[in-house]
Amino acid sequence: MMSNTAPLQVPAPTTPSPQPTQPFIAAPDAVPQFKIHQQTFKFMNQTPVYIQVTAMDQSFWVWVSSSGANPLQIDSQQGQGATGPGSGVFGDLAMAMPAFRPGQPVISSTLLGKPIDETAANMAKRLATRFKRQFLVNVDVPATVDNAMLLSFSERKLVDMLQTILAPPSPSIAST
């Protein structure tokens with residue numbers, strides 16, 4: 001019995017025509033610009049408040065703590081480093097970005113830590129709204145009723161620092 005079907009013909013592979021190549025242009029050297037600013041303030045002449053601001057191109061990383069305990073300090077009972085709110089170590093981390101269009105809300109999220117404690121996220125939102133920049137915020141101050149004034153004081157001092165950092169440099173007076 002003979003088959004009336006023709007053999008399957010597969011077209012020959014075609015090679016794409018060469019595209020005009022554009023010469024590789026190296027980007028200018030990009031040097032990351034990180035500037036670290038640190039200050040210590042006394043709340044009611046008693047409690048120290050430590051603030052560190054890492055200024056990047058269009059964003060800031062902020063750390064606020066009410067205790068400057070050494071994070072590498074070993075707890076003799078637990079055998080662990082100092083941890084928890086007010087211990088001077090990396091605590092909850094929140095991020096906020098300014099709105100892309102007028103009338104839209106600021107976007108924020110707690111990246112690390114307990115999402116129940118909104119202290120860092122709320123501070124990041126207020127800073128992003130005010131300065132129109134992205135903020136990463138660590139707040140290492142226990143969120144208690146007693147610390148409400150301490151947090152307010154810390155944020156006020158932080159805003160003062162940021163205004164100084166963002167202020168255009170004053171022209172120097174040339175002496176003749």
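**Exercise 1. Determine how many aromatic pairs the structure holds, and classify the pair formed by Phe60 and Phe135.**

Solution. The structure, which is a predicted model in which local features need pLDDT of at least 70, side-chain atom pairs count only at pLDDT 80 or more, and totals for chains, interfaces and linings use all residues, holds 3 aromatic pairs. Residues are numbered from 1 along each chain as its sequence is written, and side-chain values use heavy atoms, with hydrogens and water left out.

Step 1: the criterion is that rings of Phe, Tyr and Trp (its six-membered ring) pair if their centres lie within 6.5 Å, with planes under 30 degrees apart counted as stacked, over 60 as edge-to-face and the rest as tilted.

Step 2: the ring centres of Phe60 and Phe135 are 5.3 Å apart and the planes make 20°, so this pair is stacked.

Step 3: the pair links distant parts of the chain, since Phe60 lies in strand E3 (residues 59–65) and Phe135 in strand E6, 75 residues apart; strands (E, at least two residues) and helices (H or I, at least four) are DSSP runs numbered from the N terminus.

Step 4: Phe60 is buried, with a relative accessible area of 2%, and Phe135 is buried at 0%, where buried means under 20% relative accessible area, exposed over 50% and partly exposed in between (1.4 Å probe, protein chains only).

**Exercise 2. Classify the pair of Phe131 and Phe135, and state which residues form one aromatic cluster.**

Solution. Step 1: the centres of the Phe131 and Phe135 rings are 6.2 Å apart and their planes stand at 45°, so the pair is tilted.

Step 1: both Phe131 and Phe135 are buried, and together Phe60, Phe131 and Phe135 form one aromatic cluster.

**Exercise 3. Describe the order of the sheet and the packing of the helices on it.**

Solution. Step 1: the open sheet has 6 strands in the order E1-E2-E3-E6-E4-E5, with mixed pairing, where two strands pair if DSSP finds at least two bridges between them.

Step 1: strand E1 (35–43) and strand E5 (107–112) are the edge strands, each pairing on one side only.

Step 2: strand E4 (residues 93–97) and E5 run antiparallel and are joined by 5 bridges, and Ala94 stands opposite Thr110 in E5.

Step 3: helix H1 (residues 119–131) packs on the sheet, touching E4, E5 and E6, and its direction makes about 145° with that of E6; contact means heavy atoms within 4.5 Å, and angles run from 0 to 180 degrees between N-to-C directions of lines fitted to C-alpha atoms, for helices over the stretch in contact.

Step 4: helix H2 (residues 148–166) also packs on the sheet, where it touches E1, strand E2 (47–55), E3 and E6, its direction making about 35° with that of E2.
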